[in-house]
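Biologist: Please put the structure up, and then I will ask about the two chains and how they meet.

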There are 2 protein chains.
Amino acid sequence: MPDLDPEEFRRLGHQLVDWVADYRAGVADLPVRSEVAPGWVRSQLPAELPEEPRPLDALLAEVDRVVVPGTTHWQHPSFFGYFPANASLTSLLGDMLSTGLGVQGMLWSTSPACTEVEQVLLDGLAGALGLGPEFTFAGGGGGSIQDSASSSALVALLAALHRSSKTRASGEGWRETGVDGTERIYVTAETHSSLAKAVRVAGLGARALRIVDPSPGSLAMSPAALAAALAADAAAGLRPILVCPTVGTTGTGAIDPVRAVAEVAREHGVWVHVDAAWAGVAALCPEFRDLLDGVELVDSFCTNAHKWLLTAFDASLLWVRDATALPGALSITPEYLRNAATDSGDVVDYRDWQVSLGRRFRALKLWTVVHSYGLAGLRAHVREHVALAAAFADRVREDPGFALAVEPSLALVCLRVVTGGGDAADDAASRRVLEHINASGAALLTHTVVDGRYVIRVAIGSMATTKEHVDALWAQLVATAAQVRAEVAAAG
Amino acid sequence: MPDLDPEEFRRLGHQLVDWVADYRAGVADLPVRSEVAPGWVRSQLPAELPEEPRPLDALLAEVDRVVVPGTTHWQHPSFFGYFPANASLTSLLGDMLSTGLGVQGMLWSTSPACTEVEQVLLDGLAGALGLGPEFTFAGGGGGSIQDSASSSALVALLAALHRSSKTRASGEGWRETGVDGTERIYVTAETHSSLAKAVRVAGLGARALRIVDPSPGSLAMSPAALAAALAADAAAGLRPILVCPTVGTTGTGAIDPVRAVAEVAREHGVWVHVDAAWAGVAALCPEFRDLLDGVELVDSFCTNAHKWLLTAFDASLLWVRDATALPGALSITPEYLRNAATDSGDVVDYRDWQVSLGRRFRALKLWTVVHSYGLAGLRAHVREHVALAAAFADRVREDPGFALAVEPSLALVCLRVVTGGGDAADDAASRRVLEHINASGAALLTHTVVDGRYVIRVAIGSMATTKEHVDALWAQLVATAAQVRAEVAAAG
């Protein structure tokens with residue numbers, strides 16, 4: 001019972017490629033959101049696993065019958081929810097290479113190319129994003145591919161805890177004695193929940209998390225408020241460890257002022273981790289590089305290729321300015337992992353840059369994307385969505401039945417329905433409009449709440465999305481809002 | 001610059017399938033271990049990323065020229081290092097489905113099938129492994145697919161920290177105030193380093209890690225020593241949190257006595273996490289189910305489908321007996337993730353079972369494997385390697401030039417070269433034999449150290465490995481040992 005022989009794989013592989021091609025060719029005709037009830041998928045599948053082998057055709061039939069209707073179609077051109085999750089077919093090809101090779105890249109020595117292709121790519125992307133040479137291996141820093149921005153934030157926090165503890169008088173640091181309850185981490189109310197989760201995972205507890213006020217009239221972190229919080233905590237004998245400015249928050253795309261935040265943080269020796277999970281890739285375009293102004297001052301920077309950069313999950317890109325920071329925090333070497341290359345100090349062992357020991361050759365899918373699109377193609381991809389969002393936002397501005405909740409941020413437009421009946425009525429109408437649209441299956445939107453107000457988010461960025469789909473969304477918003485207003489009027 | 005159109009993907013996808021088929025068909029003819037020097041791969045690739053799109057042919061040419069020689073071939077039939085990393089082509093087909101669908105399964109509502117197929121599969125596998133109904137969703141527990149056993153251990157530890165803190169007099173638990181320095185975690189010297197890493201990540205520091213002695217004459221945890229350590233720590237005001245028995249240690253395949261360990265741990269309310277990353281899948285075969293004797297008493301159990309169960313990395317299977325344990329420890333819900341299904345309490349949101357927010361539809365590759373092999377095929381796969389290892393161990397036993405370092409464990413054989421010159425000479429010869437064989441490219445072996453003695457590990461389990469390859473390894477071991485003995489004699 002060995003693996004498929006190569007000829008059988010050729011036949012079945014071609015069949016799978018065709019299945020995927022057909023799915024993508026037809027996805028626009030499916031309802032975006034799955035309408036199945038909890039438990040339906042489970043009810044459709046046998047509880048017992050098969051005792052004997054079954055043909056692939058039978059599996060594909062189950063996928064068509066059960067999985068496709070149970071799927072919310074993230075690759076649908078009218079998927080405007082959360083942030084996009086570009087799973088390009090180009091990246092699928094690269095990931096086939098990865099599974100085909102089937103290497104485990106925990107150490108340089110367990111497959112040199114798995115490590116060095118990643119190094120080359122991340123060095124190249126650091127340049128293309130304008131991060132500066134200090135984030136390249138040549139410059140003493142370096143990048144790695146993590147599974148998610150949550151993990152990127154976690155390992156940045158661990159590196160920060162390790163660095164801060166090196167100055168303890170006892171000589172024993174975080175690796176030996178753990179955290180001590182005096183650590184403090186600085187975010188805003190708009191920072192992604194993965195930071196709060198990293199703080200919890202790292203054993204600090206919610207009490208360690210400081211929510212810094214925004215600058216007046218904005219959702220962005222106030223450098224003055226940060227300075228005050230850092231000074232107060234330091235004076236109280238607490239230890240500021242890490243501050244996380246966000247470039248493009250999940251709720252509304254707000255952008256914390258990286259330079260000003262970093263300048264304040266540096267005075268206290270605090271690690272600065274930039275979470276640019278969604279928006280960071282826009283810095284490939286010179287006209288958007290202002291977003292990252294001051295990034296040369298920070299300690300770590302994260303952006304996700306698996307959101308808006310055409311690379312199937314998982315591919316979160318994390319750069320640090322000190323290549324020894326993550327290994328210093330994370331390395332533990334039992335005998336069975338010892339090898340001559342590691343002992344030489346001439347190589348990077350990426351296991352020491354992450355929580356997990358094992359790792360896929362994820363660089364192959366990212367490489368395939370960069371190679372096949374070229375930087376020009378990646379920029380065009382970003383620009384097209386930003387332009388679609390700008391045009392969409394103009395329509396919102398011009399229609400008295402709608403209002404922008406905040407100014408658009410790159411390809412994210414946040415809006416609400418205006419009823420003339422006051423805030424509560426607008427919020428209720430906005431919620432109903434979103435629910436109607438999602439239930440229709442024609443488009444998918446998600447929401448957030450800002451200052452207590454309900455906000456509809458329109459995140460443009462699915463690969464298949466064109467002007468036609470954005471226009472259709474606008475038409476549906478206008479029609480649905482009119483319907484909701486009429487229902488309210490009839491009920492009133 | 002959108003994604004590949006479906007027809008172009010069909011053409012390129014077929015090309016990639018053929019590349020993978022050709023690679024696998026020819027891998028046995030390549031040297032197992034990459035012989036490139038540090039920096040060679042980087043030196044072969046342009047530092048600048050391409051500005052314009054380039055054809056896939058050009059990428060495949062780079063892969064052939066640079067990546068293949070830079071790869072240690074884990075799918076080679078003579079790869080006997082570490083543990084196997086079965087990346088079956090069958091699982092590749094399933095993973096193509098996953099990327100093809102391109103869903104993000106963080107919440108049930110973001111793709112119901114992504115969650116429910118995983119639930120059905122993990123429930124089914126719990127039964128097939130003999131874990132008992134308490135580890136199924138129907139029985140109040142449940143399973144999930146993590147990226148690695150490291151992550152499985154980490155989240156188990158976090159759940160244990162949360163559970164233990166619920167009894168604090170203050171009413172504030174681990175989620176609010178973090179760890180307090182009194183926590184203790186119990187392992188053996190043979191436990192995988194991922195446990196020490198989890199302890200570090202969780203903020204406990206190395207001082208929290210207790211190394212429990214083995215039973216006399218064995219490498220397995222002594223229940224009596226564990227009982228003594230737990231009692232002493234509790235008496236000292238420390239808080240025992242988690243004990244990790246291993247079923248099949250990485251070094252030698254040692255098996256801690258799960259039942260006895262769990263009985264002792266239970267008296268102290270300590271979480272028991274079984275790390276059976278490599279060996280656990282063998283419990284699919286009734287004749288090996290004794291390995292897990294007592295598993296019905298533990299809190300969590302991990303085994304990796306991506307080692308010996310034909311599923312490409314990543315697919316670490318983690319079951320817990322209390323389905324609320326991981327969400328209790330890990331859930332944080334910002335507004336933008338709120339949804340009706342979650343609020344209803346009727347669904348599992350797997351984001352709350354892991355550190356990362358995002359997740360792939362990994363169940364598809366595992367499902368494809370289970371479906372295509374059937375449980376009978378999976379058992380045959382395990383049995384074949386165990387039988388090969390038993391026959392190989394017999395040869396070691398019968399040859400006075402070799403000795404078993406420990407009795408073989410399933411498909412892992414640990415041996416040393418016997419020179420007649422004493423321990424130090426045997427160790428040196430064993431090391432030289434391993435280095436000669438690895439340098440030859442004909443096979444790949446890794447080592448460990450047990451009680452200060454150098455040990456050659458022969459881990460049988462690559463999908464392509466047959467009797468022919470094991471026989472060839474034995475012949476090479478015999479010839480190489482003779483050569484090393486002759487070199488030593490000549491030098492002496």
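**Two chains and their contact**

Modeller: This is a predicted model. In it, chain B is superposed on chain A by a rotation of 180 degrees with 0.0 Å of shift along its axis, at an RMSD of 0.0 Å.

Biologist: What relation is that between the chains?

Modeller: Two copies of a chain are related by a rotation about an axis and a shift along it. Here the rotation is 180 degrees and the shift is 0.0 Å, so the relation is that of a two-fold axis.

Biologist: What percentage of the contact residues of chain B recur in chain A?

Modeller: Contact here means heavy atoms within 4.5 Å. On that basis, 151 residues of chain B touch 151 residues of chain A. The same surface serves both copies, and the share of chain B contact residues that recur in chain A is 100%.

Biologist: How many salt bridges are there between chain B and chain A?

Modeller: One of them pairs Arg42(A) with Asp123(B), whose closest N and O atoms are 3.2 Å apart. That distance falls within the 4 Å cut-off for a salt bridge. Between chain B and chain A the count is 10.

Biologist: Which helix gives the largest share of the side of chain B that touches chain A?

Modeller: By class, that side of chain B has 81 nonpolar, 43 polar and 27 charged residues. The largest share, 16 residues, comes from residues 6-26 of chain B, which form helix α1.

Biologist: Where in chain A does Lys307(A) lie?

Modeller: UniProt, in an unreviewed entry, places "modified residue: N6-(pyridoxal phosphate)lysine" at Lys307(A). Lys307(A) touches several residues, including Phe83(A) and Trp278(A). Its place in chain A is within residues 305-308, helix α11.

Methods. Residues numbered from 1 in each chain as written. Chains lettered and ligands numbered in written order. Predicted model: local features only at pLDDT ≥ 70, side-chain atom pairs only at ≥ 80, totals over all residues. Heavy atoms only, no water. UniProt positions renumbered as here; feature names shortened; annotations may be inferred. Helix = DSSP H or I, 4+ residues; strand = E, 2+ residues; numbered from the N terminus. Least-squares fit on C-alpha atoms with pLDDT ≥ 70 in both. Salt bridge = Lys/Arg side-chain N within 4 Å of Asp/Glu carboxyl O. Nonpolar A, V, L, I, M, F, W, Y, C, P; charged D, E, K, R; others polar. Lists of a residue's contacts leave out its neighbours within four places in sequence.
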